[in-house]
Amino acid sequence: MSITLRTMTTDDIAAVHILETQLFPEDAWPLAGFEAELAQLETRKYWVYEDSGKIIGYAGLCTVLPIADVQTIAIIPEYQGQGLGRALMRELITTARANRALDLMLEVRFDNPTAIGLYESMGFETIHRRPRYYKGGIDALIMRLRLDELDTPEVSE
């Protein structure tokens, strides 16, 4: 494996959208959603993980001070459990702090205990439950990491 993390470009959108529809069939962003996000250079930053030229994960961050928001994060199943999601979250946290955000927010499906466990292990706390936020009537948990209370630039493993 030769896994690298790099900034997402417009050339990546088609491949990322294919993954999005595979990983989140009910909640997938439309292609135009990714195009619009990448066009907002002042407030957005997106990354992709590649393995030998194949995109295997991606994430996006929106920062509108004083808050940063995880727009999306995904790792394909074959690469889950290897610490890539945690490393990607650390990148989002580091970037949000560098942008001087005080809080990092995210929404996660209530029926995704793996993701919830990752976020909680990194210091995120549930601050609200949004009923029927996702298609299929699934609730969302709204989670927050208070960046101004972290002792170090990166969250520990």
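Helices α1 and α2 are oblique to each other, a word for angles that are not under 35 degrees (roughly parallel), over 145 (roughly antiparallel) or 65 to 115 (roughly perpendicular). This is a predicted model, so local features need pLDDT of at least 70 and side-chain atom pairs count only at pLDDT 80 or more, while totals for chains, interfaces and linings use all residues. Residues are numbered from 1 along each chain as its sequence is written, and side-chain values use heavy atoms, leaving out hydrogens and water.

**The helix pair**

- The axes of α1 (residues 13-23) and α2 (residues 31-39) cross at roughly 130° and come within 9 Å.
- Ile13, Ala14, Val16, His17 and Glu20 in α1 meet Leu31, Phe34, Glu35 and Leu38 in α2, where contact means heavy atoms within 4.5 Å.
- Six residues of this contact are nonpolar, one is polar and two are charged.

**Salt bridges**

- Side chains of opposite charge can pair when their charged atoms come close.
- Seven salt bridges occur in the structure; each is a side-chain nitrogen of Lys or Arg within 4 Å of a carboxyl oxygen of Asp or Glu.
- Arg6 pairs with Asp12 at 2.7 Å, N to O, and with Glu50 at 3.1 Å between the closest N and O atoms.
- Arg6 lies in strand β1 (residues 3-7) and Glu50 in strand β2 (residues 44-51), 44 residues apart.
- Shared partners join Arg6, Asp12 and Glu50 into one salt-bridge network.

- Asp12 is buried, with a relative accessible area of 6% (buried means under 20%, exposed over 50%, partly exposed in between, with a 1.4 Å probe and protein chains only).
- Glu50 also counts as buried, at 16%, while Arg6 is partly exposed at 25%.

Conventions
Axes fitted to C-alpha atoms, helices over the stretch in contact; angles between N-to-C directions. Helix = DSSP H or I, 4+ residues; strand = E, 2+ residues; numbered from the N terminus. Nonpolar A, V, L, I, M, F, W, Y, C, P; charged D, E, K, R; others polar.
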